[in-house]
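Colleague: I have the sequence and the coordinates open. Take me through the terms, one by one.

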Amino acid sequence: MAKSAEQEHPTKAFGWAATDTSGVLSPFKFSRRETGEKDVRFKVLYCGICHSDLHMAKNDWGTSTYPIVPGHEIVGIVTEVGSKVGKFKVGDRVGVGCMVGACHSCDSCDNDLENYCPKMVFTYSAPYHDGTTTYGGYSDVMVAEERYVVRIPDNLPLDAGAPLLCAGITVYSPLQHFGLTKPGMHIGVVGLGGLGHVAVKFAKGFGVKVTVISTSPSKKKEAIEHLGADYFLVSRDPDQMQAAMGTMDGIIDTVSAVHPLLPLIGLLKSQGKLVMVGAPNRPLELPVFPLIMGRKVVAGSCIGGMKETQEMIDFAGKHNITADVEVIPMDYVNTAMERLEKADVRYRFVIDIGNTLKSA
Amino acid sequence: MVKSPEEEHPQKAFGWAARDPSGTLSPFHFSRRENGDEDVTVKILYCGVCHSDLHSVKNEWGITRYPIVPGHEIVGIVIQLGNNVKKFKRGDRVGVGVLVGSCKTCETCQQDLENYCPSMIFTYNSTSQDGTRTYGGYSDIVVVDQRYVLRIPDNMPLDAGAPLLCAGITVYSPMKYYGMTEPGKHLGVAGLGGLGHVAVKLGKAFGLKVTVISTSPNKEDEAINKLGADCFLLSTNPEKVQAALGTMDYIIDTVSAIHSLGPLLAMLKLNGKLITVGLPDKPLELPIFPLVMGRKLIGGSDIGGIKETQEMLDFCAKHNITADIELIQMDYINTAMKRLSKSDVKYRFVIDVANSLSQ
């Protein structure tokens with residue numbers, strides 16, 4: 001007989017889980033494995049709320065396994081390390097992002113691209129190799145293999161650093177991979193939410209010129225004055241869009257809603273690259289003529305490998321880049337999800353797990 | 001008063017033109033400019049029939065101005081040289097492709113990428129610097145600035161070499177630019193027409209494994225036995241498609257018909273590249289999830305610069321690559337266009353201009 005969530009592992013754990021497609025979260029007792037020889041166990045202090053958490057809690061993608069404890073922007077303090085762990089010790093400030101496992105023997109894994117391994121294991125709602133389902137960071141304790149743990153630089157606050165573990169790497173990886181980091185380049189960022197606002201900060205950290213492209217004129221002041229963007233383009237204003245045609249070396253598109261690609265392709269210079277990191281759940285229309293006439297590229301990117309994630313966090317530490325967060329108590333999470341659905345947050349909710357997650 | 005095509009330039013010329021969106025071509029008297037200091041005059045021997053010629057004569061892209069003399073796969077012999085022309089001499093075997101002009105001063109021109117110059121002038125249906133319209137190679141002579149004239153290598157037959165001037169460079173350029181030339185890698189070629197069959201030959205010359213992806217089962221035998229492809233994938237066979245998922249490093253999509261990019265994307269490996277060179281007249285369906293989950297990319301490419309076109313011709317000559325052609329008489333052209341619209345050609349019509357274009 002299958003063991004209950006509370007019994008399947010030896011150590012008690014507590015968190016909040018969604019139990020059905022309403023996506024409503026509530027207190028949930030479960031368990032974590034013992035700290036294995038390659039494992040790092042840490043007390044969770046904060047966990048960012050990624051839009052994916054909302055999608056998964058409601059089973060929008062059809063891949064959720066209930067009960068689901070979301071959360072893949074997890075930070076805390078190490079409480080125990082396995083005997084073969086070399087990189088971390090008790091007391092270290094660490095984080096875990098979107099993955100907790102992979103095959104470690106394929107080409108992708110060999111190239112430090114665990115995120116593209118066909119057997120990659122997501123931090124929550126995924127089958128782990130011990131046959132159990134993974135539970136994420138809306139919980140008090142986390143156990144993960146050392147390979148999937150990153151060190152948070154001393155100068156980065158844990159709460160504002162947490163979202164970098166997903167939002168951060170999701171935009172950092174394509175900026176690097178597609179060569180959009182050369183000083184003097186002009187990069188567009190479409191959408192100013194969790195991903196978009198971090199993309200602006202990283203791009204400025206690389207020394208490129210940044211234009212935010214948004215449907216909301218109300219975001220302009222903050223984009224320029226607070227986030228450091230150089231320009232702001234209202235995508236619904238045809239004159240503004242026309243004036244910006246053919247001016248960008250690259251665009252990071254963080255928007256998950258279905259939207260037209262033609263105007264964005266028009267903003268690219270010849271040989272420019274449009275990189276999608278939001279994933280609309282219906283196909284978009286690709287106008288081929290402008291792609292061909294300008295030798296332009298439309299590409300996709302999905303989070304990043306572990307080596308790259310550590311590199312990203314270190315870069316953030318060096319340039320003092322963190323997310324703009326609204327820290328919330330655990331029991332606010334359902335309201336936060338409702339607000340997130342309406343994009344009513346500047347720009348990431350982070351759950352104060354350490355101080356507000358109280359077991360029953 | 002605007003001069004007629006016959007009168008606007010000093011040299012008489014004769015060709016076949018379409019005069020309305022029916023696309024029907026018929027004899028047409030016009031004129032060419034005097035051979036200037038930078039110019040080369042070419043007596044046209046052969047001209048390939050590109051699918052773009054068909055799109056253009058019927059105004060399918062909405063940009064045609066009639067009368068239109070198509071043809072941008074032009075080969076012939078130099079009969080006149082301008083004073084500043086040193087790289088050619090009379091009697092040289094030369095070609096003219098899709099471009100006859102550009103600004104020469106912008107960044108792209110300076111990088112030998114005249115094909116991406118915002119002021120690029122097409123061989124036909126464009127406006128020259130002197131304000132007159134350009135007329136293409138379904139004609140007896142053409143006068144072109146030396147920068148845009150290519151040398152046809154000595155061992156390359158002119159008739160079978162002509163299609164390389166558009167079809168050839170259109171697939172060669174992206175294969176080089178997007179790094180699709182690593183020996184041992186796996187290339188898919190979607191569509192086996194004028195572009196596709198040359199892509200197969202180039203792919204084999206680069207040392208790639210080549211799979212033809214096609215909706216036509218009757219093309220399999222030739223794809224493997226004549227063109228040298230390693231595999232043939234009938235894209236309407238779900239089992240074969242399933243087996244091909246995640247197996248290709250690159251795909252060149254030469255298909256201009258409307259099709260979803262989803263199945264092709266799924267055939268790519270991680271970091272795979274889908275390069276689109278066909279020109280459908282409506283947007284294509286693009287699922288984003290597979291792009292994101294596999295860090296795949298879709299890139300466009302448009303012909304190639306002149307330097308690159310010469311490089312391509314020299315590469316093809318070295319590897320004995322030419323197009324597979326059906327040589328036709330000028331007065332067969334309307335029938336050829338009808339057959340082309342049904343993809344009934346293996347794989348490019350070439351007009352025997354010198355022997356059949358008579359006034």
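**Terms and values, two chains**

Modeller: Start at one residue. Leaving aside residues up to four places away in sequence, B:Leu279 touches A:Phe289, A:Ile292, B:Trp61 and B:Ser256. A touch is a contact, which means heavy atoms within 4.5 Å.

Colleague: What should I know about the model and the numbering?

Modeller: This is a predicted model: local features need pLDDT of at least 70, side-chain atom pairs count only at pLDDT 80 or more, and totals for chains, interfaces and linings use all residues. Residues are numbered from 1 along each chain as its sequence is written, chains are lettered from A and ligands numbered from 1 in the order in which they are written, and side-chain values use heavy atoms, with hydrogens and water left out.

Colleague: Why is B:Leu279 called buried?

Modeller: Its relative accessibility is 19%. Buried means under 20% relative accessible area, exposed over 50%, and partly exposed in between (1.4 Å probe, protein chains only). So B:Leu279 counts as buried.

Colleague: Where does B:Leu279 lie in chain B?

Modeller: In the loop between β14 (268–276) and β15 (284–286). Strands (E, at least two residues) and helices (H or I, at least four) are DSSP runs, numbered from the N terminus. B:Asp302 is 23 residues away along the chain, and the two C-alpha atoms are separated by 9.9 Å.

Colleague: What makes A:Asp239 buried or exposed?

Modeller: Its relative accessibility, 64%, so A:Asp239 counts as exposed. A:Asp239 is in helix α7 of chain A, residues 238–243. From A:Phe206, A:Asp239 is 33 residues away in sequence and 29 Å away in space, C-alpha to C-alpha.

Colleague: And B:Ser214, buried or exposed?

Modeller: B:Ser214 has a relative accessible area of 5%, so it is buried. B:Ser214 is in strand β11 of chain B, residues 209–214. Beyond residues up to four places away in sequence, its contacts include B:Phe232 and B:Leu234.

Colleague: How many disulfides are there over all chains?

Modeller: Zero, in a search of the whole structure. A disulfide here is a pair of cysteine sulfur atoms within 2.5 Å.

Colleague: How many helices and strands does chain B have?

Modeller: Twelve helices and 18 strands. Chain B has a radius of gyration of 20 Å, close to the 21 Å that the globule rule gives for 359 residues, so it is as compact as a globular protein of that length. The radius is taken over C-alpha atoms, and the rule is 2.2 Å times the number of residues to the power 0.38.

Colleague: And what makes chain A compact?

Modeller: Chain A also comes to twelve helices and 18 strands. Its radius of gyration is 20 Å, close to the 21 Å that the globule rule gives for 360 residues, so chain A is as compact as a globular protein of that length. Of those 360 residues, 59% count as buried.
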